[in-house]
Amino acid sequence: MKVGLSPLKFFNFLAFLSLVGVFVFLPSLPGKEPAAVKSATTANLYLPQAKLDAADPPVVSAQAVYIFDPDSGTAIYEKNSLARTYPASTTKLMTALVALKTYELNQVLTVKTAKNADGQSIDLARGDQLTVENLLYGLLVDSGNDAAVTLAENYPGGYNQFIAKMNDQARKLGLTGTNFANVAGFENPDHYTTARDLTLIAREAIANAAIRKIVSTKEVVFYDITGKKRFAFESTNKLLGLPGVRGLKTGWTPASGECLVTLVTRDGKSILLTVLNSTDRFGESEKLIDWVYANYDWTTI
């Protein structure tokens, strides 16, 4: 009895390996990113496909847009997605990622120079002591610049080393259009990202259960470690509460315009949506979300 594959079976086996290679070893194909760790959605893998009668995307003011399926790594829609722009407070997604790679959630940090953190603040004062988890709530729910600075100033090596770690993480994610010069999103010519890069940062962020929990929080109350100083905030993300919206992060400066990164899951299918330099980030994001789910089907691989 012969042992082995017939020529036809061997050819079919090679074809199968080639197909696997397309999905696993060639992540740079147009519209295809490396498959994500499945943390935000379902156990099955689906590919989004435009319907035959799909409508054109809505016209939006946003300078840059990127819509992406984080599970299959498929780009759904883009507008100027590689254009460099100011990220404003969406920067804090990377700040949170580096913090979680550095600290334990229950680790207590001491506020050092909170008064030097201009703009949005959770009213930290020098000497306040809070857990990392509560600082992350202040960072991602109320977008506190002082929370961002506190996380960075407690980093081994200090504030500048924390920023270096943010840029190192960006390089590890393969982001070629991103550079960080601060931890909060202050305007700086050397502080920029793209809609695509920011979406991939968000994709990395939602792999972390703590971040997913925090960014989906509409209201939060916590205290410093003495139990005497109370902090109460409502999320800056006005889309929370809409069907399937699970976060993620807002941002605004005069130069960046309105920025928003959104995670949505409907019927087990998730998208990440980034709009940068918009005049109506919430309204335009909602229109784009509804457009995707009305005009795309997900097919099981």
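Guide: Let's start with asparagine 80: its relative accessibility is 44%, so it counts as partly exposed, falling between the 20% and 50% cut-offs. Bear in mind that this is a predicted model. Asparagine 80 sits in the loop that links strand S3 (74–79) to H2. Its backbone is worth a glance too, with a positive phi of about 50° even though the residue is not a glycine. Asparagine 277 also has a positive phi without being a glycine, here about 55°. That one lies in strand S10 (residues 269–278), and at 25% relative accessibility asparagine 277 is partly exposed.

Now follow the loop from asparagine 80 into H2. Helix H2 (residues 92–102) packs with helix H6 (residues 195–205) at an angle of about 35°, the axes being 9 Å apart, and the crossing is left-handed. On the H2 side you'll find Leu93, Met94, Leu97 and Lys101, which meet Ile201, Ala202, Glu204 and Ala205 of H6. Sorted by type, the residues of that contact come out as 6 nonpolar, 2 charged and no polar.

The largest nonpolar core has 58 residues, and Leu136, Leu151 and Leu248 touch the most other members. H2 supplies the largest share of this core, with 7 residues. Leaving aside residues up to four places away in sequence, leucine 136 touches Ala96, Ala99, Leu100, Leu105, Val141, Leu151 and Ile214. There's also a second, separate core of 23 residues, with Val65, Ile76, Val275 and Trp291 among them.

Notes: Residues numbered from 1 in each chain as written. Predicted model: local features only at pLDDT ≥ 70, side-chain atom pairs only at ≥ 80, totals over all residues. Heavy atoms only, no water. Axes fitted to C-alpha atoms, helices over the stretch in contact; angles between N-to-C directions. Helix = DSSP H or I, 4+ residues; strand = E, 2+ residues; numbered from the N terminus. Left-handed = near helix turned anticlockwise from the far one by under 90°. Contact = heavy atoms within 4.5 Å. Nonpolar A, V, L, I, M, F, W, Y, C, P; charged D, E, K, R; others polar. Core = buried A, V, L, I, M, F, W, Y, C linked by side-chain atoms within 4.5 Å. Buried < 20%, exposed > 50% of the residue type's maximum accessible area, 1.4 Å probe, protein only.
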